[in-house]
Amino acid sequence: VPCTGDGTMRKNPDIWPKWNASNGPNLHGIQYRILKRGIEMLEVGGRLVYSTCSLNPIEDEAVIQRLLVASEGAVQLVDISDRLPGLKSTPGLNSWLLSDKQQNFYTKWEEVPESLRTQIRPQMFPPSPEMVESLHLERCIRVLPHHQNTGGFFVALLEKTSTCPWESAQEKERLYRVRKEEDEEMIAQELGQKPEKIKEPPKKKPRFMGFREDPYIYLQ
């Protein structure tokens, strides 16, 4: 998913002056939505890898935690520590702190000032001690740059074990719309009226020459 890329600071020196503590929270929402949509596209029994080149837990474990809580047991983390022989890594985190640009640290949502509550959200905080054991965030892996002369990466393997709660709600809504349309069509036929057909949007013209992309410019 899109990330701050702070795990690549060894090869991207431009990240150093641009990085600040608000970068992670600003990306957390879109990272979660991409992960959630990926889970929706899985069949039951399917697996998905969530990965970033960031070591910020707000972009990593916090996103995974939010998805696991929302899925209510329909998605679980798979332990991959024994599937990558030779790769040095550390387990995922179960606790972390949040901070603002002024380096004020917060351990819980109630401590966050009103002015920052649109940026720092309650889902970004670590799980409670009661939830830690059920989430198994330690099954995520963190690849640290100094372990084997690489960049920094976060990897988590998720498995969908059943239909997610929000998918069930979406399916009920879809069936409701279908039945409503069928009822309206049946009533129209009984009254001798022709049901109104919904016009499809105009089709886009195919591009035969591809999309135009400006070339990359590498700085000396």
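Which side chain makes a polar contact with the side chain of Thr4? Select Thr4 and Glu59: their side chains make a polar contact at 2.6 Å. A polar contact is a pair of N or O atoms within 3.5 Å; within protein, one must be able to donate a hydrogen and the other to accept it, and residues adjacent in sequence count only if both atoms are side-chain atoms.

This is a predicted model, in which local features need pLDDT of at least 70 and side-chain atom pairs count only at pLDDT 80 or more, while totals for chains, interfaces and linings use all residues. Residues are numbered from 1 along each chain as its sequence is written, and side-chain values use heavy atoms, with hydrogens and water left out.

Stay on Thr4, found in the segment before helix H1 (15-18). Helices (H or I, at least four residues) and strands (E, at least two) are DSSP runs, numbered from the N terminus. Thr4 is buried, with a relative accessible area of 17%; buried means under 20%, exposed over 50% and partly exposed in between (1.4 Å probe, protein chains only).

Next, select Leu35, Ile39, Ile64, Leu68, Leu77 and Leu158, the residues with the most contacts inside the largest nonpolar core, which has 31 residues. Such a core is a set of buried Ala, Val, Leu, Ile, Met, Phe, Trp, Tyr and Cys residues joined through side-chain atoms within 4.5 Å. Helix H3 (61-71) is among the elements that supply at least two residues each, and H3 gives the most, with 5 residues.

Now show Tyr50 and Phe154, both buried. Their ring centres are 6.3 Å apart and their planes are at 75°, so the pair is edge-to-face. Rings of Phe, Tyr and Trp (its six-membered ring) pair if their centres lie within 6.5 Å; planes under 30 degrees apart count as stacked, over 60 as edge-to-face and the rest as tilted. Tyr50 lies in strand S1 (residues 47-52) and Phe154 in strand S7 (residues 153-160), so the pair ties together parts 104 residues apart in sequence.

Move to Asp60 and Arg142, which form a salt bridge with the closest N and O atoms 3.8 Å apart. Asp60 is in the loop between S1 and H3, and Arg142 is in strand S6 (residues 141-143), 82 residues apart. A salt bridge is a side-chain nitrogen of Lys or Arg within 4 Å of a carboxyl oxygen of Asp or Glu. Both Asp60 and Arg142 are buried.

Finish with Glu167 and Lys160, another salt bridge, at 3.0 Å between the closest N and O atoms. Both residues are buried.
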